[in-house]
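Reader: Hi! I've got a new model open and would like to go through it with you. Could you start with any residue you like?

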Amino acid sequence: MEKLVSSWCSNIKALPESYIFPPETRPGNLNVPTCNSIPVIDLSKAESQNRTEIVEQILKASEEFGFFQVVNHGIPESLMNQAMDVFKEFFEILPAEEKAMLYSEDPKKGCRLLTSTPNYNWEKNHLWRDNLRHPCHPLEECIKDWPEKPIKYREVMAIFSVEAKKLGSRILEFMAEGLGLECGYFRGKLSEELSVGVNHYPPCPDPSLALGLTKHCDANLITILHQGDIYGLQVFKDGEWIGVEPLHNAIVVNLGNQLQIISNNKLKSAEHRVVTNSKVSRTTAAFFISPSDDTIIEPAKPLIDACNSPLYRPFQYKEFLQSFYTNNGNNDLALEPFKLQA
Ligand code: OGA
Ligand code: NI
C-alpha cells in the first residue's frame with residue numbers, strides 16, 4: 001500500500017532511482033507529433049447509407065495503425081464524465097484505509113489495487129502508475145468484489161462497462177464485415193470476457209526519465225479506452241512514436257494481439273506506451289474484451305487460400321497469455337511460439 005505512487009509522490013522532489021528507465025527505453029524527447037495522425041471515426045454515420053464508408057474507415061485504421069478514436073459512439077457524455085469523476089475520486093480523494101483494503105500482491109485476487117505491474121517485487125524499473133483492475137463480466141458475479149467506495153463506483157462502473165462492451169461488439173461487427181467474415185464472427189467465446197484496468201498516473205517530477213506504461217501490445221482481442229482529457233498515450237508506428245490526442249468525449253480503440261492473429265496479420269495490434277507529465281495527474285480506464293481461456297484462436301478460415309497461408313498455428317488463448325506474461329509483454333517474443341513459416 002505504501003508502494004502506491006499516489007501515496008508518496010507529493011512528498012518528493014526528485015524521481016527515485018528505481019523509476020528511472022535506461023536511455024534506450026525512457027521517453028527522452030516528449031515532444032512527439034500528435035497532429036491528427038490517429039484516425040477519428042464518426043460512428044453516427046454508420047446507421048445511414050454510409051455504413052460501408054465506416055466499415056472501410058475502421059478497416060483502414062486497423063490495417064495502418066491498429067489504433068483509432070471514435071466519436072458519436074453512443075456512450076452518453078454525462079456517463080463519460082461521471083465515470084471519469086468516480087475514477088479520479090477513487091485515486092485522489094478516497095482515504096488511504098479504503099485503498100489499503102483493496103491493495104494486494106496476490107495475482108489470484110479478482111479485484112485488486114496495485115502499483116506499476118504485477119511484477120513489482122522483481123522488476124528492474126517501476127512504472128509511474130497505480131492500477132485498479134477487476135473483471136466486469138458476468139456483472140452479477142463480479143460486482144460484489146468491486147470497490148464499495150466511492151459510493152457511486154459500482155453503479156457507474158456497471159453501466160459504463162456494459163456500454164464499453166456494447167461499443168466493442170459493434171466495432172467488432174464492422175471489422176468482421178470489413179474482413180469479409182460472417183456477421184457475428186467475433187460474437188461468443190472470442191469476445192466473452194471483459195475486464196477493466198483503471199490507471200492513475202500522478203504528476204511526475206521528471207517525465208523524460210519515467211514511463212507510465214512501457215511499450216506493449218494488449219494481449220486481448222480489442223481494447224476500449226476512456227483516456228479523459230489529458231495527453232499521455234503514444235503509438236509506435238514506422239519506428240516512431242506518435243501521440244494520441246485527447247479529444248473530449250472520444251473513445252480510443254486499439255486492436256489486441258488476437259485480432260492480428262485471427263485476421264492473419266491483415267489487421268495490426270499496435271505497440272503503445274504511456275508517458276507522464278509534471279503538471280497534472282492523468283486517469284484512464286481500459287476495457288479489455290478477450291476470448292475465454294480455453295477458446296481456440298487461429299487465423300480465420302475464410303482468410304486462408306492458396307495465396308494466403310496461415311501465419312499462426314491454432315492454440316488456446318490461455319497458452320498465449322502464458323507466453324505474454326513469460327515474455328513480459330514483449331510482442332515479438334510473445335508471438336514467436338505461435339508463428340508458422342510463411
Ligand atoms: C493499457 C493501456 C493506456 C492509457 O492499460 O493497456 O495501454 O492511456 N493504457 O492508460
Ligand atoms: Ni495497452
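Author: Happy to. T214 is partly exposed, with a relative accessible area of 32%. Buried means under 20% relative accessible area, exposed means over 50%, and partly exposed is in between, using a 1.4 Å probe and protein chains only.

Reader: And where is T214 placed?

Author: T214 is in strand β6. Strands are DSSP runs of E with at least two residues, helices are runs of H or I with at least four, and both are numbered from the N terminus. The C-alpha atoms of T214 and L15 are separated by 17 Å, and the two residues are 199 apart along the chain.

Reader: Before I go on, what kind of model is this?

Author: This is a predicted model, in which local features need pLDDT of at least 70 and side-chain atom pairs count only at pLDDT 80 or more, while totals for chains, interfaces and linings use all residues. Residues are numbered from 1 along each chain as its sequence is written, chains are lettered from A and ligands numbered from 1 in the order in which they are written, and side-chain values use heavy atoms, with hydrogens and water left out.

Reader: Good to know. Which residues coordinate the nickel ion?

Author: The nickel ion (ligand 2) is held by H216 (NE2), D218 (OD) and H272 (NE2), at 2.1 to 2.2 Å. Donors are N, O and S atoms within 2.8 Å of the metal, or 3.2 Å for Na, K and Ca; water is not among the atoms, so sites may look incomplete.

Reader: What spacing do the donors follow along the chain?

Author: The pattern for the nickel ion (ligand 2) is H-x1-D-x53-H. H216 lies in strand β6 (residues 213–216) and H272 in strand β11 (residues 272–274), so this pair ties together parts that are 56 residues apart in sequence.

Reader: Are H216 and H272 buried or exposed?

Author: Both H216 and H272 are buried.

Reader: Nice. What comes nearest to ligand 1?

Author: There are 13 residues around ligand 1, and Y201, H216, H272, R282 and T284 come nearest. Being near here means having a heavy atom within 4 Å of the molecule or strand. H216 and H272 also coordinate the nickel ion.

Reader: Changing topic: how much space lies in the second largest pocket?

Author: About 180 Å³. A pocket, on a 1 Å grid over the protein atoms alone, is an open set of points where a 1.4 Å probe fits, with protein on both sides within 12 Å along at least five of seven lines; lining residues have an atom within 4 Å of a point. Grid points are joined across faces, edges and corners, and the volume is the space filled by probe spheres set on the points.

Reader: Last topic, the backbone. Which peptide bonds are cis?

Author: Two to look at are H137 to P138, with omega near -5 degrees, and K149 to P150, with omega near 0 degrees. P138 is in the loop between β4 (130–135) and α5 (139–142), while P150 is in the loop between α5 and α6 (153–179).

Reader: And where is phi positive in a residue other than glycine?

Author: D238 has phi near 50 degrees, and N264 has phi near 55 degrees. D238 counts as exposed at 65% relative accessibility, whereas N264 is buried at 11%.
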